[in-house]
Structures are given as structure tokens and as C-alpha cells.
Amino acid sequence: MADVVLRSENLHKRYDELEVLRGVTFEVDRGQVKVIIGPSGSGKSTLLRCLALLEPPDAGNVYIDSQRLTGLREKELTQHRSEVGMVFQRFNLFQNMTALDNVMCGLREVRRLPKREARDRAIEFLARVGLADKAMQYPHELSGGQQQRVAIARALVMRPKAMLFDEPTSALDVELVREVLDVMESLAREGMTMVVVTHEIRFAHDVASTVLMMDEGRIVEEAPPDEFFSAPKEERTRRFLALVE
Amino acid sequence: MLASFDTDLFWTALSSGPYWRGALTALELTIVAMASSIALGFFVALAALSPRRRFRTFAWLYNWIFRATPTLLQLYFVWYALPQISNVFAGHWFTPFMAAWLALSLNEAAYMSEIIRAGLLSVDPGQELAGRALGMTRRQILRKVIVPQAVRIVIPPTGNEFITLLKLTSLAFVISLHELLTAAQELSSATFQYTEPLTAALVYYLVIVSILMLIQARLERRFTWTSHRRRQTPAPAVPAVSHDAR
């Protein structure tokens with residue numbers, strides 16, 4: 001039996017009139033990289049936020065390591081959130097903290113590690129994303145690519161069971177995209193379980209275990225990248241790929 | 001025109017005990033009232049931003065009552081009416097200073113709550129989202145992420161409030177608090193001179209406010225998140241709010 005890390009079951013979510021998710025069932029096995037593509041408004045980001053326990057679904061369930069996490073109280077949800085790492089399109093680094101403090105924050109506040117230990121671990125993870133020398137810089141002093149790498153380190157340092165990326169390169173200048181994708185690729189090689197919403201078709205092709213197409217709140221198609229890109233079964237997928245490639 | 005200006009009287013006033021003590025009282029009152037109104041205003045601001053309707057209604061009522069009525073009337077009310085309403089305020093502890101502190105804190109908290117609310121709202125919602133994603137509690141996010149960022153926005157208007165409050169302490173003259181204006185008044189009635197005693201009071205206010213402005217400038221630099229501190233950052237433009245009507 002496959003080792004499922006993260007699973008959603010028949011997720012529904014609506015904002016007033018707008019039905020964003022219409023029954024999404026989805027799972028990621030340990031070490032798998034799932035890439036989600038689809039037009040804007042198709043529900044990709046909402047799906048990620050539900051999986052990160054940031055958004056309560058109207059119906060359906062979310063499971064982490066086969067533990068059901070829907071219907072829990074806010075307090076219990078808070079404890080489970082650190083099991084999943086989330087990287088945002090606009091980085092969302094804490095503006096009042098240096099890169100180092102950003103990475104230390106979760107260790108100190110959530111994991112309650114002593115200062116020295118948190119500091120050592122934070123530096124280790126900053127080094128992993130190639131930014132040990134930027135530890136004392138504030139976010140607005142870093143480039144977008146550097147900020148996003150700090151954000152990845154901040155999520156990674158919590159040793160999450162899975163990492164979720166919500167269009168991590170969409171807000172970056174073209175020449176800064178590569179450095180972020182490189183970090184993500186090396187993460188994938190190390191066996192991190194990942195769900196990535198992106199428009200980077202090349203990345204999906206090279207790194208994904210499976211690629212999913214989402215449209216109008218549903219998963220339209222799911223296949224290994226070779227199959228997905230060379231012989232998409234669904235007409236909707238074909239039309240979308242024609243636009244982005 | 002200044003021929004009638006009695007320099008000796010002016011210097012006497014400036015260095016007299018009642019002036020010093022009056023200025024000190026005004027400054028003390030301003031500091032304690034500002035501190036308690038920031039604390040109270042913070043909770044009123046949280047109530048105003050609460051998802052619960054009850055809290056929002058409370059915040060609205062609070063701000064409505066304390067901003068819609070004259071500060072002078074509130075001062076009178078606290079000093080004269082409260083002791084009749086409750087025995088608690090009839091004791092010896094309820095001095096003019098305590099009454100002024102209570103009245104000015106309650107009043108100022110209404111204004112501070114609006115400033116603090118604006119400060120909290122100015123922080124990018126993505127900051128809270130990132131904190132939640134890390135597994136931080138709302139209280140932790142507020143303390144470590146949102147409040148420190150809001151402080152920067154809140155400092156300039158709070159400087160304004162501090163100055164306004166300092167000047168409002170002169171109202172406490174009517175409940176026989178011995179502050180600066182009392183000193184000027186007493187000297188005037190003793191000498192039948194007005195120019196010199198009042199000018200001396202003006203000088204005190206000018207000096208105190210100048211010191212406050214220096215402190216504010218330092219605080220603003222302190223809350224600018226830059227790795228090299230010496231960088232000069234232009235202070236954000238502060239809309240001049242007139243509180244004359246208070």
C-alpha cells in the first residue's frame with residue numbers, strides 16, 4: 001500500500017456565489033512531487049490553502065498521515081499546521097525580522113526551541129538555500145528570488161511532512177526564477193513530498209511525478225508528465241497547454 | 001511695545017517652584033494618561049476588529065461616547081458626578097490628579113483606538129497568513145509580527161496625540177489640579193501682570209513639546225527595519241489633525 005502523506009476527500013468550498021472547489025479528491029504519496037496547473041480561478045490556490053489547514057472546507061475532509069483534520073477546533077488545527085510547509089506567491093516574509101529571525105521564528109514560537117539551537121538550525125537551513133551570508137538582512141533589502149528562498153527555508157526548517165508551493169515564481173523577475181526552481185528541484189531530489197502550483201511547464205516536465213490539470217474547481221486530468229504533456233486525454237488540458245507552451 | 005515687559009518677573013516666574021512643579025505635574029499626567037490610553041485603546045481597537053459583533057458594538061459605543069462629548073465636560077463629570085454615583089470615588093485617594101488621569105485616559109483611549117486600529121489594518125494580511133501557516137497562534141502573530149509592524153505606522157499620529165494630551169492637561173486647572181496654568185493664574189492674580197506669567201507658561205510648553213518631538217524622531221528610526229541603522233528615512237507624512245474642538 002502506498003504511503004499517503006496528504007489527502008483530500010471530496011473538498012467543496014464556496015465564497016458567496018462563487019463555487020471554487022467542487023469535490024476535489026487528491027492525494028500525495030511520500031516523496032512524490034505533484035504539480036498542479038490550470039487557469040486562474042480554477043481553485044488551485046484554494047486547494048492548497050485547504051491542504052495547509054488555512055481555509056476550512058465547506059464539505060469534505062483533509063488528512064495528514066491518515067489523520068482526519070477537518071472539524072477540529074482552531075487550537076488543534078494550529079498545532080497541525082506546522083506539519084505542512086507553505087510557500088506563497090508573494091513570499092510573505094515577516095517584514096520586521098531579519099532573514100535569520102524569519103527562519104528562527106517558527107522554531108522559537110511554535111517548537112519552543114532554545115535560542116541557540118534555533119539559531120544554529122536556522123543558519124543551517126539558510127545555508128541550504130544558499131543565503132547564509134544574508135542572515136542579517138531585512139526582507140526589503142533582498143531580491144525577490146532571495147526572499148522566496150528565505151521563505152522556503154522558513155517553511156523547511158520546521159521539518160514538515162510535505163511542502164506546498166503556491167505559484168512560487170509568479171511574482172519574480174524572469175532572471176530570478178531559476179534560483180528558486182533550483183532550490184525546489186534539489187528538495188525534490190532529496191525526497192521531499194511536494195505539491196506545486198505553477199505555470200513553469202519545464203519544471204513540471206522535469207521534476208513532477210504526476211501533473212494535474214484543474215479547471216472550474218475540479219481535477220480534470222492527472223497523469224505522469226510524459227503522458228500528460230505529449231498525449232493529454234482531455235480536450236480542456238490540450239487547450240490550456242496550447243496557451244501556456 | 002515690549003517696554004512694559006518685566007524681564008525680572010518673567011525670570012522669577014520661569015524659575016519659581018509652582019511653575020516647575022506645575023510643569024512636572026502636567027508632564028507626569030500626560031505620561032501616565034498616555035500609557036493607560038494606549039493600553040486601553042489597544043483593546044478597544046482589537047474589539048473594533050473582532051469578528052464578534054458584540055465586541056464591535058462595544059468599541060463603536062465607546063468611541064462614540066468619548067469623542068462626541070467635550071473633554072472638559074468629561075473632566076467635570078469624573079470629578080463631581082462620579083463620587084456621587086459611587087462611594088468608591090468619594091475616598092481620599094481620588095485626588096484631582098487621579099480624576100484627571102481617569103478622565104483623560106478614557107477620553108484619549110477613544111482617539112488612540114482609532115489610530116491603533118488603522119495601524120493594525122495597515123499590516124499586509126499576508127503576514128498573518130504566513131504566521132498561521134507556520135503554526136503560530138493568533139496571539140503570537142499579533143505580538144511578534146503584527147504589532148511591531150503597526151507600531152511604525154502608529155508612532156507619528158501618537159506623537160500628535162501626546163502633544164494634544166499635554167495641552168489638554170491644562171483643562172485640569174478647573175478641578176483644582178496644580179499644573180502650569182494654575183501657576184500662571186496665581187502669579188497673575190498676585191502681581192496683576194499677565195504678559196510675563198503667561199509667557200513663562202508658554203515657554204514651558206514649548207520646551208516640553210520640543211523634547212517630545214525629539215523622542216518621537218528617535219522612536220521612528222528605531223522602528224525602521226534596516227540592517228544599517230544610520231540610513232535616514234524620511235518620516236511618513238502625518239496629516240495634521242486638529243483637536244482644538246476637544
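User: What makes the numbering and the included values what they are here?
Analyst: In this predicted model, local features need pLDDT of at least 70, side-chain atom pairs count only at pLDDT 80 or more, and totals for chains, interfaces and linings use all residues. Residues are numbered from 1 along each chain as its sequence is written, chains are lettered from A and ligands numbered from 1 in the order in which they are written, and side-chain values use heavy atoms, with hydrogens and water left out.

User: Why is B:Ser105 called buried?
Analyst: Buried means under 20% relative accessible area, exposed means over 50%, and partly exposed lies in between, with a 1.4 Å probe and protein chains only. B:Ser105 has 7% relative accessibility, so it counts as buried. The residue sits in helix α5 (residues 96-121) of chain B. Helices are DSSP runs of H or I with at least four residues, strands are runs of E with at least two, and both are numbered from the N terminus.

User: What does B:Ser105 touch, leaving out residues up to four places away in sequence?
Analyst: Contact means heavy atoms within 4.5 Å. By that test B:Ser105 touches B:Ala33, B:Ser36, B:Ser37 and B:Tyr62. B:Ser36 is 69 residues away along the chain, yet the two C-alpha atoms are separated by 6.1 Å.

User: Which secondary structure does chain B hold?
Analyst: Chain B has nine helices and zero strands. From the N terminus on, its elements run α-α-α-α-α-α-α-α-α. Its C-alpha trace spans about 70 × 50 × 30 Å along the principal axes. Of its 246 residues, 43% count as buried. Take the contacts in chain B between residues at least 6 apart in sequence: 76% join residues at least 24 apart.

User: How many positive and negative side chains does chain B have?
Analyst: Lys and Arg count as positive, Asp and Glu as negative, while His and the chain ends are not counted. On that basis chain B has 21 positive and 13 negative side chains. Each charge is placed at NZ of Lys, CZ of Arg, CG of Asp or CD of Glu. The centres of the two sets lie 20 Å apart.

User: What makes B:Phe192 stand out, and why is it called exposed?
Analyst: Its phi is near 60 degrees, a positive value in a residue other than glycine. Most residues other than glycine have a negative phi. B:Phe192 lies in the loop between α8 (180-191) and α9 (195-222) of chain B. Its relative accessibility is 68%, so it counts as exposed.

User: Where is A:Arg159, and why is it called exposed?
Analyst: A:Arg159 is in the loop between α5 (144-156) and β7 (162-166) of chain A. At 51% relative accessibility, it counts as exposed. A:Arg159 also has a positive phi, about 50 degrees, although it is not a glycine.

User: Is A:Thr98 buried or exposed, and why?
Analyst: Its relative accessibility is 5%, so A:Thr98 counts as buried. A:Thr98 is in the loop between β6 (84-87) and α3 (99-109) of chain A. Leaving aside neighbours within four places in sequence, A:Thr98 is in contact with A:Ala135, A:Met136, A:Gln137 and A:Tyr138.

User: How do you know which strands of the open sheet in chain A pair, and in what order do they run?
Analyst: Two strands pair if DSSP finds at least two bridges between them. β1(A) and β2(A) have nine bridges. β1(A) and β4(A) have five. β4 (residues 59-64) and β5 of chain A have two. The pairing is antiparallel, and the order is β2-β1-β4-β5.

User: What makes β2 and β5 of chain A edge strands?
Analyst: β2 (18-29) and β5 (67-68) each pair on one side only. In β5(A), A:Arg68 is the bridge partner of A:Tyr63. In β2(A), A:Val28 stands opposite A:Leu6.

User: Why is α1(A) called largely enclosed?
Analyst: Six of its eight residues are buried, so the rest of the structure largely encloses α1(A). The buried residues include A:Leu47, A:Leu48 and A:Leu51. After α1(A) comes A:Leu53, with a positive phi near 65 degrees.
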